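Here's a quick look at a two-chain model, starting with one residue and then moving to the interface. Have the viewer open as you read.

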There are 2 protein chains.
Amino acid sequence: MAPAEPNALAFRPKGEPPVFEEERKGWKGYIEWEKYPEKKKRAAEVLKQYDFPVPPEFQLQPLPKSNPILTGERWKQYHYAMGPSLEKVPDISWEYVKKEKAADMLHVLQFPYNGESPRERLVETEITPNDTFFIRNHGGVPEIDPQEYTLDIFGLVKNPKRLTLADLQNEELFPRQTNTVTLQCSGTRRLEQIGVYPGDGDELINAPWAEGAIGNAVWTGVSLKKVIKHCGGLIDGADNLEFYGADTYFKKGQAMNYVVSVPWRKVKANEVLLAWEMNGEPLPKIHGFPLRTVVFGYIGARSCKWLYQIKGIRGPSQAPVGKQNAMYSNGFSIQDMPVSSAIMSPADMDQIVHDGQVKLKGWAYSGGGRWPVRVEVSGDGGSVWYEVPPENMSTKYFHGWRLWEIDMPVDAEGWLEFCVRCWDNALNTQPTFVRSAWNWDLHVTSSCHRVKIYSMNRSKPMTAQRLKLLEEKGMSILPITRPLEIDLETDEHYDQAMEAMGGRDPKE
Amino acid sequence: MAPAEPNALAFRPKGEPPVFEEERKGWKGYIEWEKYPEKKKRAAEVLKQYDFPVPPEFQLQPLPKSNPILTGERWKQYHYAMGPSLEKVPDISWEYVKKEKAADMLHVLQFPYNGESPRERLVETEITPNDTFFIRNHGGVPEIDPQEYTLDIFGLVKNPKRLTLADLQNEELFPRQTNTVTLQCSGTRRLEQIGVYPGDGDELINAPWAEGAIGNAVWTGVSLKKVIKHCGGLIDGADNLEFYGADTYFKKGQAMNYVVSVPWRKVKANEVLLAWEMNGEPLPKIHGFPLRTVVFGYIGARSCKWLYQIKGIRGPSQAPVGKQNAMYSNGFSIQDMPVSSAIMSPADMDQIVHDGQVKLKGWAYSGGGRWPVRVEVSGDGGSVWYEVPPENMSTKYFHGWRLWEIDMPVDAEGWLEFCVRCWDNALNTQPTFVRSAWNWDLHVTSSCHRVKIYSMNRSKPMTAQRLKLLEEKGMSILPITRPLEIDLETDEHYDQAMEAMGGRDPKE
C-alpha cells in the first residue's frame with residue numbers, strides 16, 4: 001500500500017497515457033463518462049495500474065496546521081492518471097481558488113477544493129459575499145464557454161429537450177425567480193465529532209470542517225418545475241430528477257460524473273432553482289458557472305454545479321459508499337438539514353478579560369423550509385440559558401440562516417463552556433452534547449456548539465487588582481499557561497492568610 | 001522574551017563563568033545553597049544576566065510525538081549558567097537514565113528527568129522493577145560517595161547529630177524496617193485534565209504525565225521516628241521535619257536545594273522511612289542514592305532523594321508557586337493522595353475485535369493509609385458498573401496499590417467509553433467526569449479514568465460476516481478511519497433492503 005499523504009510518491013505515469021477526448025467544443029476539463037460505458041471501462045483499467053497514495057490519517061492524529069490543511073494528493077493523482085484532458089485540472093482549479101476566493105479562506109482541502117469562510121468574517125454580513133462563500137467541490141473545475149453551453153433534459157420526461165443558456169434566460173419561456181437561500185455542507189462542524197470519536201473511512205476524504213461550511217446568498221435563475229413543465233412533465237411514474245455535473249468524480253476505481261437526485265415533490269414546490277446568478281453576479285467559475293442547481297433547505301451536495309443534464313427517473317439516484325463498518329442500506333439518506341447553530345466569536349480556547357459580560361456572535365439555521373425562531377446561549381455548558389433578544393437576530397427567511405449576537409452575563413472565572421442552541425419554527429432544538437448526536441458518518445453535527453473560554457472577570461476585586469499589577473509591570477497574562485515571573489503575594493501576606501484559615505494542618 | 005523551546009538559542013555564557021565550589025569530598029554536582037546566603041545572592045545575580053528560553057507550550061497545542069517528549073532546555077541552561085560545578089549535571093543525569101532505566105521508558109521530560117513506566121509493563125507485576133519505576137526529579141543527579149556520606153539532623157531537635165550511612169545501617173542503633181509502598185506523582189494522569197482544559201503556568205514544567213507516574217516497591221531503611229528519638233526528640237513546639245535534597249532546584253531566579261517537609265505526626269506513625277534499599281537492591285543513583293525518604297501514602301514529592309539533612313521546624317515548609325491566576329494562599333497543600341485508578345489495557349483509541357467480552361487490566365490506589373477494597377468498570381461511560389472479582393485483585397497493603405483485571409461483558413459496537421472507579425476502605429470513590437474534579441493546578445487527577453474503544457463484536461452475525469469477508473480478501477479493518485476498498489453489499493442487496501424498509505421516501 002502506498003504511503004499516506006503527504007509523503008506520497010510523486011506521480012509517475014505508467015506506459016502510454018490514455019486519451020479521453022473532450023467531447024464538446026468550448027468545454028474544457030469535462031469528460032462525458034455516463035453515456036460511454038467503454039470510456040468508463042478504460043478509465044477503470046488505467047486506475048487499476050496504479051497504487052495510489054492512501055488518504056492521510058487526520059482523525060486519529062492531530063490535523064496539520066498548514067493552509068491548505070489537506071492537499072488531496074490521491075485525488076490529484078487520479079486526474080494525472082487520466083491523461084491530457086484531465087491532468088491539468090488540479091492546477092487549473094487551484095488557479096480559480098486564487099482568482100475567485102478571498103485570500104484568507106481556510107483551505108480545508110486543496111483538491112478537490114474544499115474551503116471554509118474566514119471565521120471572523122462569516123457572521124459580519126447576513127448575505128455571504130461570493131469570495132468568502134464556502135466551497136465543497138467533489139472534483140475539479142470544468143471550464144465551460146457559456147455560448148457553447150447546453151442543458152439536456154431527458155429520461156422519463158414527456159418531451160426531452162436541449163436548452164441553451166439563452167433559452168433559460170428567456171423570460172418569455174420561463175419566469176425568473178430570486179431567492180435568499182442558505183447552503184450548508186452536511187459536514188459542517190464535523191471537527192466536533194472527530195474531536196470526540198473518529199469516523200469510519202469514506203472513499204472521498206471527508207474534509208475536517210469547522211463551523212464555516214455554510215453561507216447565505218441571493219440566487220437568481222429559473223424554477224426547475226417550470227423547465228420540466230416546458231418539457232411536458234414527467235412520465236411513467238417518474239418521481240425523482242437526477243442532476244449531472246461536468247466535473248469528474250472517482251469512486252472505488254471508477255471514473256464518473258458527479259450525479260445526485262432530488263424528489264419531484266421538492267421540485268414541484270419551486271424549491272429547486274437552476275441558477276446562473278449569485279448575489280447579483282454571474283456564478284463564479286468555481287461555484288458552477290454557467291449553471292448550477294440550488295436546492296433549498298437540503299444538504300449542499302444536491303446543489304449540483306456545472307449542471308449539464310437532468311434526467312427523469314423512478315426512485316432516488318444511488319450513491320452507495322463503502323464504509324468499514326456499515327452497509328449503505330444500514331443508513332438513511334440525508335436531504336433536509338437539521339436545526340443547528342454556532343458561536344463564531346469568541347473562538348474556542350480564547351482567554352478573555354471582561355467586566356461581567358461577554359459578547360457572543362454566531363449563526364443559526366434550520367433546513368427543510370424551517371427557520372430559526374429563537375437562539376439561546378449558555379455560559380455553563382448547557383444548564384442555564386439566556387435568550388438572544390429577538391431584535392439582535394437578522395432577517396427571517398424561509399430558507400436562510402439568521403445571524404445573532406448577545407452580551408451574555410458571565411460571573412464565574414476560569415474555564416467555562418459556552419454553548420448555543422437554536423429552536424426552529426417546528427420547535428426542533430439541538431441535542432446538548434456531541435455524544436448525543438454522534439454518528440459514524442460524521443455528517444450533520446447538530447449538537448449544541450460549544451467553545452471553551454477562560455474567563456477573567458475584572459468586576460471581581462482580586463482579579464482587578466491582579467490585572468492592574470500586571471499592567472503596571474508591562475506583563476501579559478496571556479497565554480495563561482505561561483508561568484508568571486512575579487509573585488502575586490508577599491511572604492507576609494501568605495503567612496497572614498494561612499494563619500487566618502487556621503494554618504495548613506488541623507489541630508490535635 | 002526568549003523563544004519557546006525547542007527553538008531556544010544555544011546557551012552562551014556571559015563573561016567569566018561563576019565558580020561555586022563543591023563543598024564536600026566525594027559529593028559531585030552538589031552545591032550547598034541553603035547555608036550560604038552569599039552563594040544564593042551570587043547565583044541570583046548570574047541568573048539575572050540571562051534571557052532564558054520560556055517553557056514550551058504543550059497545553060494549548062498538541063504534544064510533540066518525540067521521546068523525550070519535552071527536553072527541558074530552560075532547566076539545562078540554568079545549570080550551564082552556574083559554571084563548572086553544575087554545567088555537566090544535565091549530561092551526567094541523562095547518562096544515569098540510560099544506565100539505570102529501561103530502554104522503553106517514556107521520557108516525559110529529559111531534564112530534570114521525568115520518566116513514566118512503559119505502559120504495557122506497568123501492570124504486569126505487583127512490585128514495580130527498579131528499572132521501570134517512574135521518576136519525577138526536580139533537578140540533576142548528584143553523585144555521592146557512600147563512604148563520604150553523612151546525614152545532619154538539626155534545627156528544633158534536642159541533640160543535633162551527624163550520622164554516617166554505617167550509623168543508620170547499624171542495627172544496634174536502629175531497627176531495620178521494610179515496607180511495600182506505592183509512590184505516586186501528584187501529576188499522574190495530568191494529561192486527562194490538560195485534554196479538557198489547560199492549566200495555569202507553573203514555574204517548574206508540570207510534566208504531561210499519563211497513567212504511568214506511579215509504582216509500587218519494597219523499601220528498606222530505618223524509620224525516621226527512631227532517628228529523631230536517637231537525637232532526643234523535637235523541642236520548642238517543633239511539629240514538622242524539613243528534608244533537604246542535594247539536587248539543585250531553581251525558582252523565580254533563585255538557586256536552592258530541594259526542600260520539603262512532613263508533619264511530625266506522620267513520622268510518629270512510622271510512616272516515614274529513610275531508605276537505602278529499593279526492591280532488595282541499593283537505591284539506584286537516579287532514585288536518590290545513597291539515601292532518600294519514603295513517605296507512605298503522600299504525594300511523591302515528599303519522598304526526598306539524595307537526602308543530606310533533616311531540620312526540625314515549626315509549621316510546614318513554605319514553597320509558594322506563582323500562578324497566572326492564583327495566590328499560593330488560595331490553595332491547599334497536597335499531602336495524602338486521593339483514591340484513584342487507571343485502565344492500562346486496552347489503550348485509549350484502540351479498535352478491538354472481540355466475542356462479547358473484553359479483558360481490562362489496570363491499577364487502583366488510595367493514599368493516606370487507605371487501600372482499595374473494590375474496583376468497578378463500566379463499558380458505557382459510567383452508567384452500568386461491573387465489579388472486578390476480588391480474586392482478580394493483587395495483594396492488599398496498607399500503603400500499596402492493587403492490580404486488577406476483568407473480562408467485561410461488551411455487547412454494543414462502535415465507539416464506547418470504558419471507565420474505572422475504585423472504592424477505598426473509607427468508602428471514598430472517584431468523581432465520574434474530569435470536569436467534576438478539574439483544578440487549575442492540574443494535580444491529583446482523580447476522576448474515573450476513561451478510554452475510548454472502538455468495539456467490533458464478532459458474536460453479532462453481521463459483524464462476523466463482514467470480518468470473514470475481509471479476512472478472505474486479506475484486508476485489514478484497521479485503522480477504521482481508512483476507506484474500505486470493497487463494497488460490503490451488492491446493488492441487488494441494497495435494492496432489496498431499501499424496498500423492505502419501504503423505499504427511501506415516504507408515501508404521499
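Which backbone oxygen lies 2.7 Å from a polar atom of the side chain of Ser85(B)? That oxygen belongs to Phe20(B).

## Ground rules

This is a predicted model, so local features need pLDDT of at least 70 and side-chain atom pairs pLDDT 80 or more, while totals for chains, interfaces and linings use all residues. Residues are numbered from 1 along each chain as its sequence is written, chains are lettered from A in the order in which they are written, and side-chain values use heavy atoms, with hydrogens and water left out.

## Around Ser85(B)

Ser85(B) sits in the loop between α2 (73–81) and α3 (89–100) of chain B; helices here are DSSP runs of H or I, at least four residues, and strands are E runs of at least two. With 12% relative accessibility, Ser85(B) counts as buried (under 20% relative accessible area, 1.4 Å probe, protein chains only).

Leaving out residues up to four places away in sequence, Ser85(B) touches Phe20(B), Glu22(B), Gly29(B) and Ile31(B); contact means heavy atoms within 4.5 Å.

## Where the chains meet

On chain A, 74 residues are in contact with 75 residues of chain B. Together the two chains bury about 6,400 Å², 51% of it on carbon and sulfur atoms (accessible area lost on being put together, 1.4 Å probe, summed over both).

There are 4 salt bridges between chain A and chain B, meaning a Lys or Arg side-chain nitrogen within 4 Å of an Asp or Glu carboxyl oxygen. One salt bridge joins Lys252(B) and Asp487(A), at 3.9 Å from N to O.

Technical notes:
Buried means under 20% relative accessible area, exposed over 50%, partly exposed in between (1.4 Å probe, protein chains only). A polar contact is a pair of N or O atoms within 3.5 Å; within protein, one must be able to donate a hydrogen and the other to accept it, and residues adjacent in sequence count only if both atoms are side-chain atoms.
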